[in-house]
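Hi,

Here is the structure I promised to pass on. Have a look at it first, and then read my notes below.

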Amino acid sequence: MLATAVWDQGSLHVHLPWSSKAGFRIILKVESTAMIRVNRPPPAMALSDRRIAEMEKQASQFFLTDTRSTRQRTFDFDWPDERIEARILEALDLAWAGRCAFCGTGGGLDIHRFRPEQDAVAEDGGTSRRHYWWLAYEWNNLYPACTHCREAQGAKFPTEEDRVRAGTTERLNERERPLLLDPCDDDPEALLIYSEEGEVASEDHRALVTVETFDLNRPELVLERKQTIQWVRMGLSQAGKALHGRSYRAFADAIQTLYSEAAPFAARSSSIAPATRS
Ligand SMILES: [Zn+2]
């Protein structure tokens, strides 16, 4: 019989039918400094403000007019007012638990358009003026992002297939096959591999372009990941020692520390599964 342990609403229940061969595996999901998949909640109410509809109308007039007849080349995609902007950011913050959608760090977030509002840059550096003005206020195109990620991506949006026609809002990723991972559509956790040293790598081309584009191996991120990994290893090693000495109280304490609010990562989706006997 294998040992089972259940983490339930803040307390750990460990059932150990003791035997030297029984054991279990603890899976901790590190969510800070990592890109994770997030299921997008329904659109923020603030997006249905009539002033946003007005901005969209102006943008469509601007981009559907021949550029040669106007001296102004770029459109100013502002938010109608600070309150609307704050509400949208609040909704994004809630969905991503206050973390950047691309690098996973917390704090200093802003609304970011995954597909740029204009002058989208391709892999070869070429730009497309009209991509993607019609998505500037589209909920599915908005993500919370830190300044570093926002600046690192800029207007880069490389795609494998041709860019969609203006006005397209459905099945965008399927049609364009972007070279950047979409945290709401792809599974970054399955594609990105983190080393003990805190660096992120991948065997997947799109994941690699994503790491490069968002600068996901910048020194401060690498250091933070390394420290988190060390912290987790230390906690698990303490738990292991306690278990070995049959000190269940100490074991429970060590596990509890790993799952505590003070932990430098979120363990909210972690699971404990029976280990295979070796
Ligand atoms: Zn970031």
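Which residues in the largest nonpolar core touch the most other members? Before I get to that, please keep in mind that this is a predicted model.

**The cores**

The residues to look for are Met35, Cys100, Phe102, Cys103, Ala145 and Cys149, which touch the most other members of a core of 37 residues. Helix 2 (82-95), strand 7 and helix 6 (205-213) each supply at least two residues of this core, and strand 7 gives the most, with 4 residues. As general background, nonpolar side chains in soluble globular proteins tend to be buried together.

Leaving aside residues up to four places away in sequence, Met35 touches Phe102, Cys103, Gly104, Leu181, Pro183, Pro188 and Leu192. There is also a second, separate core of 6 residues, and Ala239, Leu243, Ala254 and Leu258 are among them.

**Helix 6**

Just after helix 6 you will come to Asp215, where phi is positive at about 55 degrees.

**Helices 7 and 8**

How do helix 7 (residues 219-244) and helix 8 (residues 248-258) cross? Their axes come within 8 Å and cross at roughly 165 degrees. Angles over 145 degrees count as roughly antiparallel, so helix 7 is roughly antiparallel to helix 8. The crossing of the two is left-handed.

If you want to see the contact itself, pick out Val232, Gly235, Gln238, Ala239, Ala242 and Leu243 on helix 7, and Ala250, Phe251, Ala254, Ile255, Thr257 and Leu258 on helix 8.

Gln227 counts as partly exposed because 13 C-beta neighbours lie inside 10 Å. In sequence, Gln227 is 30 residues from Glu197, and the two are 8.8 Å apart in space, C-alpha to C-alpha.

- The peptide bond from His131 to Tyr132 is cis, and its omega is near 10 degrees. Tyr132 belongs to the loop between strand 6 (127-128) and strand 7 (142-146).
- Asp119 is not a glycine, yet its phi is positive, at about 55 degrees. You will find Asp119 in the loop between strand 4 (109-113) and strand 5 (120-121). With 17 other C-beta atoms within 10 Å, Asp119 is partly exposed.
- Arg177 also has a positive phi without being a glycine, with a value near 45 degrees. Its place is the loop between helix 4 (172-176) and helix 5 (188-191). Is Arg177 buried or partly exposed? Arg177 is partly exposed, since it has 13 other C-beta atoms within 10 Å.

That is what I have for now. Enjoy exploring!

Best wishes

How values were computed:
Residues numbered from 1 in each chain as written. Predicted model: local features only at pLDDT ≥ 70, side-chain atom pairs only at ≥ 80, totals over all residues. Buried ≥ 20, exposed ≤ 12 C-beta atoms within 10 Å, placed from the backbone. Core = buried A, V, L, I, M, F, W, Y, C linked by C-beta atoms within 7 Å. Contact = placed C-beta atoms within 7 Å. Axes fitted to C-alpha atoms, helices over the stretch in contact; angles between N-to-C directions. Parallel < 35°, antiparallel > 145°, perpendicular 65-115°, else oblique. Left-handed = near helix turned anticlockwise from the far one by under 90°.
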